[in-house]
Amino acid sequence: MILERCLGSMLLALSMLSNVLGAFVGVNIGTDVSSMPPASDVVAIVKAHQITHIRLYDADPHMLKALAGSGIEVTVGVTNEEVLGIGESASAAAAWINKNVAAYMPSTNITAIAVGSEVLTSVPHSAPVLVTAMNNLHKALVAADLNFQVKVSTPQSMDIIPKPFPPSTATFNSSWNSTIYQLLQFLKNTNSYYMLNAYPYYGYTNGNGIFPIDYALFKPLPSVKQIVDPNTLFHYNSMFDAMVDATYYSMDALNFSVIPIVVTETGWPWQGGSNEPDATVENAETFINKLIQRVSNNSGPPSQPTIPINAYIYELFNEDKRPGPISEKNWGLLFTNGTAVFPLSLGGPSQITGNSTAVFCVAKDDASEDKLRDGINWACGQGQANCSAIQSGQPCYLPNNIKNHASYAYNDYYQKMHTVGGTCDFDGTATTTTIDPN
């Protein structure tokens, strides 16, 4: 079972790779976890899964130090509690940048600062100084000559758009117009992007049955149930796309256009209470796999088809210490030992872990240990397989035997290289199989 999950986790890793055209799927890392691994282990797990972009909710020094040299693009967070002080003091902003950004660059690849989390709806008393805080941080980045590498933005909830459907008539809540106008002006002036937290799960569960669940899960709808904007006649194949487009139209209503949107949070809980019937492993698996496929096609929503939608999945681990309903504690992709909660796709229909059409490359039962060692050495060396997960103390180290380690290394190489001619042979010690390697 451990090997099965490790292979499943590895396929997740490949799907997380940045697309050559620029679209990417990243992952949020929350820390309300009772058995949170040390920062070095978290980074090892992230690297083992080849996740290329992460978002932190703070600027944890242990994580930032552990990320040094990894190349992983990091969004660091100003906490909601810090926004007010930074908004009231330029020197506080400068100190924050020096301590939490400049001190770690360039070794740690910090590319963005998320100022607060849903400030307008979560901590409205800080809203009057939100954009001032962003300006103060940006000026501090300029002073440190880091403003071209690090963008400043602030994640906002869909709740500030009261009527997101139809997207073409969506507008921001007018009570926030002054702040949002200043925010958009800042993003335009600094060539930054709008950070959006978009959750079709809540759009569906709070929607009183207006939309079918298949629409929230990226599943195709029958012709008689197509979701169409009556004003533009745009067809929306998913609630995710409609949410992003509603935000573009809301910006346009304030005369701002072509400020790109990055979805800083989206996901689906895989377990809930008795009153949360839609929080299931099956639905979470469907949503995440189809989200990865959606992002990977490098297109935007109907109104902005040429602007790809980058997205961060919420979240890496289950945050079991979070308050609220059972679903609130069960959004994680992985358990804290690095194994996957459910099978995840590569983005192609024939490469899905746990699907009968999946093809794995595994070590043969009768292969000699010497040849398996040679195979591992080649795969992890010249073959460029990512073998960090089978090192001592890492998520797929156990069971610690040569056959399991060889299967991991062989399969990592094969999944990356078989489409360009890579084979599953390894001097006769490997074979392909469609049977789940349980």
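Colleague: Which residues are linked with Asp-32 in a network of salt bridges?

Modeller: This is a predicted model. In it, Asp-32, Arg-322 and Glu-328 are linked in a network of salt bridges.

Colleague: How many salt bridges does a search of the whole structure find?

Modeller: The search finds eight. Let us take some pairs in turn.

Colleague: Start with Glu-265. Which side chain meets the side chain of Glu-265 in a salt bridge?

Modeller: Look for a side-chain nitrogen of Lys or Arg within 4 Å of a carboxyl oxygen of Asp or Glu. Here the partner of Glu-265 is Arg-55, at 3.0 Å from N to O. Then check the sequence positions. Glu-265 sits in strand β10 (residues 261–266), and Arg-55 sits in strand β2 (residues 53–56). The two are 210 residues apart, so the pair links distant parts of the chain.

Colleague: Are Glu-265 and Arg-55 buried or exposed?

Modeller: Buried means under 20% relative accessible area. Glu-265 has 7%, so Glu-265 counts as buried. Arg-55 is buried too, with a relative accessible area of 2%.

Colleague: What is the N to O distance between Lys-403 and Asp-365?

Modeller: The closest N and O atoms of this salt bridge are 3.3 Å apart. Lys-403 belongs to helix α14 (residues 402–417), while Asp-365 belongs to the loop between β12 (360–363) and α13 (369–380). The pair therefore ties together parts that are 38 residues apart in sequence. Accessibility comes next. Lys-403 is partly exposed, with a relative accessible area of 29%. Asp-365 has 70% and counts as exposed.

Colleague: Where do Asp-370 and Arg-373 lie, and how many residues apart are they?

Modeller: Both lie in helix α13, three residues apart, so about one helical turn separates Asp-370 from Arg-373. They form a salt bridge, with 3.6 Å between the closest N and O atoms. Asp-370 is exposed at 56% relative accessible area. Arg-373, at 40%, counts as partly exposed.

Colleague: Now helix packing. What describes two packed helices?

Modeller: Use the angle between their axes and the distance between the axes. Take helix α4 (residues 80–88) and helix α5 (residues 90–102). They pack at about 125 degrees, with their axes 5 Å apart. α4 and α5 are therefore oblique to each other.

Colleague: Which residues in α4 meet which residues in α5?

Modeller: From α4 come Glu-82, Gly-85, Ile-86 and Glu-88. From α5 come Ala-90, Ala-92, Ala-93 and Trp-96. The residues of this contact divide into five nonpolar, one polar and two charged.

Colleague: What share of contacts in the chain with a separation of 6 or more is between residues 24 or more positions apart?

Modeller: That share is 71%. As for surface, the accessible surface of the chain comes to about 18100 Å², and 51% of this belongs to carbon and sulfur atoms.

Definitions and conventions. Residues are numbered from 1 along each chain as its sequence is written. This is a predicted model: local features need pLDDT of at least 70, side-chain atom pairs count only at pLDDT 80 or more; totals for chains, interfaces and linings use all residues. Side-chain values use heavy atoms; hydrogens and water are left out. Axes are lines fitted to C-alpha atoms, for helices over the stretch in contact, and angles run from 0 to 180 degrees between N-to-C directions. Helices (H or I, at least four residues) and strands (E, at least two) are DSSP runs, numbered from the N terminus. Angles under 35 degrees count as roughly parallel, over 145 as roughly antiparallel, 65 to 115 as roughly perpendicular and the rest as oblique. Contact means heavy atoms within 4.5 Å. Ala, Val, Leu, Ile, Met, Phe, Trp, Tyr, Cys and Pro count as nonpolar, Asp, Glu, Lys and Arg as charged, and the others, Gly among them, as polar. Buried means under 20% relative accessible area, exposed over 50%, partly exposed in between (1.4 Å probe, protein chains only). Accessible areas come from the Shrake-Rupley method with a 1.4 Å probe; for residues, only the protein chains shown count as cover.
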